[in-house]
Amino acid sequence: MTDKKPLILVVDDETHILHVVSLKLRNAGYEVITAENGEEGFDQAVANHPSLIITDFQMPFMSGLEMCQRLKDDPRTTDVRALMLTARGFSLPQEALDKTNIVNVLSKPFSPKEILARVQELLGKATAPVVRRAS
Amino acid sequence: MSFGKWLSLGVGLVAAVLTAVFLFLDPTPPLPIWGNGVSIRIGIAGVFGGLIGLAHWLVMSRFNAELRRLTCHVEVLTKSDVSDLTLEPGMGLAPLALAVEQGMQHLRQRTQKLVSKRRELEIQLRIAEAERRHAEAVLNSIADAVLVTDAFNELALANKAAASVLNFDLGFSRRRPIDEVLDDRALVKLIKDTREGAPSVANLRRHVEHRLTRNGREHVYDVTVAGIGGDAADSEAAAGDGHDALGVVTVIRDVTREREIAEMKSDFVSSVSHELRTPLSSIKAYVEMLVDGEAHDEQTRAEFYNIIQSETNRLSRLIDNILNISRIESGVVRVQREQVSLPSLIREAIDVMLPQARARNIELKDVSAPVFFQVFADKDMVYQATLNLLGNAIKYTPKGGRVTTSIVVDEAARVVRVSVQDTGVGIPPEDVPHLFEKFYRVHQHKKLAQGTGLGLNLVKQIIETVHGGTMTVASEPGKGSSFTYSLPLADNI
């Protein structure tokens, strides 16, 4: 009998980023679902209640910050933590972060290894690492 | 006959009458040789009266002549500046003439002093008037609004800019209380507070941001208010004594455009930062995956290499955009013209943008006829302009949409037109006139995709500034846009 893999939602409007982050996490044994903007990310989070969300800050239709605020305000997802990636050249205001469940902010360009390390800090290592082949 | 002659005749008659009376009262008879005593007496009285009258006339004539001379002399002294004109009148009039002359001298000296003083005052008045006009001209030449109020909070000075910004009549406002002149209560309060709060030297000058709505648009003003405290020593003395300022100088500068530019620059830095970091993120992440051996087969590695190449190109294009705009604007761009075949240039551009279009499931199609059209242009620049138009079309077209390129030759106008048409979100009509402005971004598009607001500006500069072509756009919100550039055919240059 194997433990259920932690589910991670990755949200980014850049297909390549979405692809590489997902691959890194899947290779480390996590289950990954993806969304390409804040609105889609919110719907996915409500529907799947992931263990963690990794989201970009600046995205079309709804920003990562707005999505995380809505998720914290929603009782169905208020406990879902998030890790934010941002390509903005400055730090995000703390008062804005306080209204969300964002626990960590990483700056772009990022290292997939660093993301994995932060994820493992938050969720613990996935119990059954599975190496998946990218397709 | 003149009055003097009548008077002399009168005097002669009176003398004759008196002599006759005297002779008739005398008991002594006249001399016998004279005959009738009555006739003799009357005759003597007549002769004596005649002599008296004649004498009177002679004396009066002389006196009148002397008086006329004196009068003429006084008139001359009065009318002329001659001061050494001497007169020695007879008939005992010399002292009078001297007194008159001395009086006139004194009067003349006083008059000269007054005239001199008047001239001095006139000069000072002219200087003051010239200085006032000069100060007014200087004040009016200042683009910023300037108001000067006095110790009674009355408007002492203002320029045209102030009247325009604060909407008051300059001609009827001087020396009127400032709260009657200005409708802006906040500004009036600021001026009054400054005058009353000026005793502290540290508070003599301060800057306040003020917002005013003009012609339906909000403007941001930098208001400098300074208390007038005389010279520094006076100011400090006034400060020590706790007296109010003698007045307040208010300078109001419109900083709306500066704020907008600062905001645009800030947005630009933020956008450029985002635009540079995004492809860099992909490159760094995929390189790291390759180095760490997380691409397990050749196909995955090839895919990673392609992504790295595509993102490197994207980064390179962005940097080229920024640098080329800067070069074209500063006039240091090197244009290398050559015969360029537009169909093959467009094909190359499409090949480069294909991965980006495929990633968004957008069909990228060229419907140009396979004809060899040539223009004499800088190939790299036209290529970059085409890439920018394709990139925008892909960026603002929803998934599953279509981007089409086409070339049309207008033989009559001797130009070739290249169009990039999409089935994207379109552009609101109010944004169309601003599309090619530097840093301008369609508000509704900001949420759809990232951008720097430089791409279209560069396209326009390349086509119009560098190549003398034209750039046009047609768009319908919700249906799509068509960007067209025209370049002169090669034999036309």
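## Terms and basis

The expected span of a helix is 1.5 Å times one less than its number of residues. Helices (H or I, at least four residues) and strands (E, at least two) are DSSP runs, numbered from the N terminus.

This is a predicted model, where local features need pLDDT of at least 70, side-chain atom pairs count only at pLDDT 80 or more, and totals for chains, interfaces and linings use all residues. Residues are numbered from 1 along each chain as its sequence is written, chains are lettered from A and ligands numbered from 1 in the order in which they are written, and side-chain values use heavy atoms, with hydrogens and water left out.

## Helix 12 of chain B

Helix 12 of chain B covers residues 455-466. From its first C-alpha to its last, this 12-residue helix reaches 15 Å, close to the 16 Å expected at 1.5 Å a residue. Helix 12 of chain B is largely enclosed by the rest of the structure, because 9 of its 12 residues are buried. Buried means under 20% relative accessible area, exposed means over 50%, and partly exposed lies in between (1.4 Å probe, protein chains only).

The buried residues include B:Gly455, B:Leu458, B:Ile462 and B:Val466. What do they pack against? In chain B, the partners of the buried residues of helix 12 are helix 9 (298-330), helix 11 (379-395), strand 6 (337-341), strand 11 (470-476) and strand 12 (480-488). Such contacts have heavy atoms within 4.5 Å. After helix 12 of chain B comes B:Gly468, with a positive phi near 70°.

## Chain A

Chain A has 5 helices and 5 strands. Their order from the N terminus is β-α-β-α-β-α-β-α-β-α. Chain A has 135 residues, and 53% of them count as buried. Take its contacts with a separation of 6 or more: 66% are between residues 24 or more positions apart.

The accessible surface of chain A is about 6100 Å², with 47% on carbon and sulfur atoms. Accessible areas come from the Shrake-Rupley method with a 1.4 Å probe; for residues, only the protein chains shown count as cover.

## Chain B

Chain B has 12 helices and 12 strands. Of its 493 residues, 39% count as buried. Its accessible surface is about 27800 Å², and carbon and sulfur atoms hold 58% of that.

Helix 1 (residues 3-25) of chain B contains B:Leu13. B:Leu13 is exposed, at a relative accessible area of 53%. Together with B:Trp6 and B:Leu9, B:Leu13 forms a nonpolar surface patch of about 350 Å² accessible area. Patches are made of residues with over 30% relative accessible area and no salt bridge; like charges are joined within 9 Å, nonpolar side chains (Val, Leu, Ile, Met, Phe, Trp, Tyr) within 5 Å.

## Where the chains meet

How many residues of chain A are in contact with chain B? The count is 31, in contact with 29 residues of chain B. The two chains bury about 2700 Å² between them, 51% of it on carbon and sulfur atoms. Buried area is the accessible area (1.4 Å probe) that two parts lose on being put together, summed over both.

Chain A and chain B share 3 salt bridges. A salt bridge is a side-chain nitrogen of Lys or Arg within 4 Å of a carboxyl oxygen of Asp or Glu. A:Lys113 and B:Asp292 form a salt bridge at 3.5 Å, N to O.

A:Ser111 sits in the loop between strand 5 (102-107) and helix 5 (112-123) of chain A. A:Ser111 is buried, with a relative accessible area of 12%. Leaving out residues up to four places away in sequence, A:Ser111 touches B:Lys284 and B:Glu288.
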